[in-house]
Every structure is written in structure tokens, then in C-alpha cells.
Amino acid sequence: MIPGGGQPDMQQLLQQAQKMQQDLAVAQEELARTPVEGSAGGGLVKATVTGGGELQGLVIDPKAVDPEDTETLADLIIAAVRDANQSAQELQQQKLGPLAQGLGGMPGLSF
């Protein structure tokens with residue numbers, strides 16, 4: 001509500017919504033370019049994903065490679081990728097959370 005009982009200015013609300021949508025798109029693009037790293041096994045396996053969760057790189061320390069125990073290496077890879085994805089999700093919340101809340105809080109808009 002507008003103080004004094006007036007109606008909200010729809011043009012102003014639409015402009016605010018468009019600005020928030022633009023800000024959200026910029027933040028999403030930035031996330032897609034931002035590398036995030038996760039690791040497992042005390043750093044023996046490191047995974048790099050984008051802020052959007054796309055796997056970009058995987059580094060395996062030779063100490064982690066045991067031809068007799070490939071299951072442990074597979075577990076370390078999975079754990080490193082999960083760790084990186086968790087970091088990417090946290091980055092998404094930091095960057096997109098306030099913007100998405102702002103858009104969701106606009107009257108008449110639902111996302």
C-alpha cells in the first residue's frame with residue numbers, strides 16, 4: 001500500500017520488476033562463468049564446477065590411484081564433485097537468493 005491510501009504506480013512496479021529480472025539474468029550469467037572447487041581425500045581429488053553446477057575439471061593426485069582399489073578412487077571422485085556442487089549451490093544462494101526473493105515479493109508476480 002502507498003501511504004495515504006493511494007494505489008501503487010503500476011508503471012513503477014513494472015520497471016522495478018524488469019530491473020530485478022535484468023539483475024537476475026546478469027547474476028546467472030556471472031554464476032555460469034564462476035569456477036567453484038570441491039575436494040575429497042584431503043585434497044587428493046579436486047573437482048571444479050561452474051556456479052551453475054557444470055563439471056569443468058577434475059584433478060587426481062597420483063597418490064590416490066591404486067590399481068587394486070579403484071572403488072575408493074571412484075568414491076573420492078564422487079565426493080569431490082558433490083563437494084564442488086554444494087559450494088556452487090551456496091554461491092547460487094548468495095548471488096541469486098536476494099534477487100529471487102525480490103522478484104517473488106512483487107505484487108502480482110510469482111516465480
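This report describes the fold, hairpin, core and surface of a predicted model.

## Basis

The model is predicted: local features need pLDDT of at least 70, side-chain atom pairs count only at pLDDT 80 or more, and totals for chains, interfaces and linings use all residues. Residues are numbered from 1 along each chain as its sequence is written, and side-chain values use heavy atoms, with hydrogens and water left out.

## Overall fold

The protein chain has two helices and three strands, in the order α-β-β-β-α from the N terminus. Helices (H or I, at least four residues) and strands (E, at least two) are DSSP runs, numbered from the N terminus.

Of the 111 residues in the protein chain, 22% are buried; buried means under 20% relative accessible area, exposed over 50%, and partly exposed in between (1.4 Å probe, protein chains only). Taking contacts (heavy atoms within 4.5 Å) between residues at least 6 apart in sequence, 52% join residues at least 24 apart.

β1 and β2 run antiparallel and are joined by six bridges; two strands pair if DSSP finds at least two bridges between them. Glu37 has Thr48 in β2 as its bridge partner. Four residues lie between the two strands of this hairpin, and Gly41 in the turn has a positive phi of about 65 degrees.

## Nonpolar core

The largest nonpolar core has 16 residues, and those with the most contacts inside it are Val45, Val49, Ala64, Leu76, Ala80 and Leu96. At least two residues of this core come from each of α1 (10-33), β1 (35-40), β2 (45-50) and α2. The largest share, seven residues, is supplied by α2. Such a core is a set of buried Ala, Val, Leu, Ile, Met, Phe, Trp, Tyr and Cys residues joined through side-chain atoms within 4.5 Å.

Not counting residues up to four places away in sequence, Leu76 touches Ala40, Gly41, Val45 and Ala64.

## Surface

The protein chain exposes about 7,600 Å², with 52% of it supplied by carbon and sulfur atoms. Accessible areas come from the Shrake-Rupley method with a 1.4 Å probe; for residues, only the protein chains shown count as cover.

Val65 lies in the loop between β3 (55-60) and α2 (70-104) and is partly exposed, with a relative accessible area of 48%. Arg82 is found in helix α2 and is exposed, at 63%. Arg82 and Ala47 are 35 residues apart in sequence and 8.7 Å apart in space, C-alpha to C-alpha.
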